[in-house]
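Visitor: I'm new to this one. Can you walk me through it?
Guide: Happy to. Here it is.

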Amino acid sequence: MIVKYPDLTKEYCKCSTAKIQAELPQAEYIEIIKIGIEEQKQKLLPVFPSCLSDYQNNVKKPN
């Protein structure tokens, strides 16, 4: 996806990073990134669902 949609991926990363920073204290985020990837997904994905939805919808749009 990164190679095929670099601009969309960059926007997704900016959006999700901003939401994580606004929602979680730094100490909590550091603890989350120490756990397994599946556990990280469970804790982080609910923080930025609109970013993920926007990314998925934009990828699906015809060029």
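**A first walk through the chain**

Guide: Let's start at one spot: Glu39 lies in helix α3. Helices here are DSSP runs of H or I with at least four residues, strands are runs of E with at least two, and both are numbered from the N terminus. The model is predicted, so local features need pLDDT of at least 70, side-chain atom pairs count only at pLDDT 80 or more, and totals for chains, interfaces and linings use all residues. Residues are numbered from 1 along each chain as its sequence is written, and side-chain values use heavy atoms, with hydrogens and water left out.

Visitor: Is Glu39 buried, exposed or partly exposed?
Guide: Glu39 is partly exposed, at 44% relative accessibility. Buried means under 20% relative accessible area, exposed means over 50%, and partly exposed is in between (1.4 Å probe, protein chains only).

Visitor: How far apart are Glu39 and Ser50?
Guide: In sequence, 11 residues. In space, 20 Å from C-alpha to C-alpha.

Visitor: Okay, zoom out. How many helices and strands does the protein chain have?
Guide: It has 4 helices and 0 strands. Along the sequence the pattern reads α-α-α-α.

Visitor: And what box do the C-alpha atoms fill?
Guide: Roughly 40 × 20 × 15 Å, taken along the principal axes.

Visitor: How much of the chain counts as buried?
Guide: Of its 63 residues, 22%. The accessible surface of the chain is about 5000 Å², and 56% of that belongs to carbon and sulfur atoms. Those areas come from the Shrake-Rupley method with a 1.4 Å probe; for residues, only the protein chains shown count as cover.

Visitor: At what angle do α1 and α4 pack?
Guide: At about 170 degrees, with the axes 9 Å apart. That makes α1 roughly antiparallel to α4. Angles under 35 degrees count as roughly parallel, over 145 as roughly antiparallel, 65 to 115 as roughly perpendicular, and the rest as oblique. The axes are lines fitted to C-alpha atoms, for helices over the stretch in contact, and the angles run from 0 to 180 degrees between N-to-C directions.

Visitor: Which residues meet there?
Guide: On the α1 side, they include Tyr12, Cys15 and Ser16. On the α4 side, they include Cys51, Leu52 and Tyr55. Contact means heavy atoms within 4.5 Å.

Visitor: Tell me about Ser16. Buried or exposed?
Guide: Ser16 is buried, with a relative accessible area of 8%. Leaving aside neighbours within four places in sequence, Ser16 is in contact with Phe48 and Cys51.

Visitor: Back to α3. What does Leu44 touch?
Guide: Leu44 touches Ile20, Leu24, Tyr29 and Ile32, not counting residues up to four places away in sequence. Leu44 lies in helix α3 and is buried, with 10% relative accessible area.

Visitor: How far is Leu44 from Pro6?
Guide: They are 38 residues apart in sequence. C-alpha to C-alpha, the distance is 22 Å.

Visitor: New topic. How many salt bridges are there?
Guide: The count comes to 3. A salt bridge here is a side-chain nitrogen of Lys or Arg within 4 Å of a carboxyl oxygen of Asp or Glu.

Visitor: Which residue pairs with Glu11?
Guide: Lys14, with the closest N and O atoms 3.6 Å apart. Both lie in helix α1, 3 residues apart, about one turn of the helix. Glu11 is partly exposed at 46%, and Lys14 is partly exposed at 48%.

Visitor: And Lys34, what does it pair with?
Guide: Glu31, at 3.3 Å between the closest N and O atoms. Lys34 is exposed, with a relative accessible area of 59%. Glu31 is partly exposed at 47%.

Visitor: What about Lys41?
Guide: Lys41 forms a salt bridge with Glu38, again with closest N and O atoms 3.3 Å apart. The two are 3 residues apart in helix α3, about one helical turn.

Visitor: Last one. Which residues form the nonpolar surface patch?
Guide: Tyr29, Ile30 and Ile33, with about 230 Å² of accessible area together. Patch residues have over 30% relative accessible area and no salt bridge; like charges are joined within 9 Å, and nonpolar side chains (Val, Leu, Ile, Met, Phe, Trp, Tyr) within 5 Å.

Visitor: Where does Ile33 sit?
Guide: In the loop between α2 (26-32) and α3 (37-44). Ile33 is partly exposed, at 42% relative accessibility.
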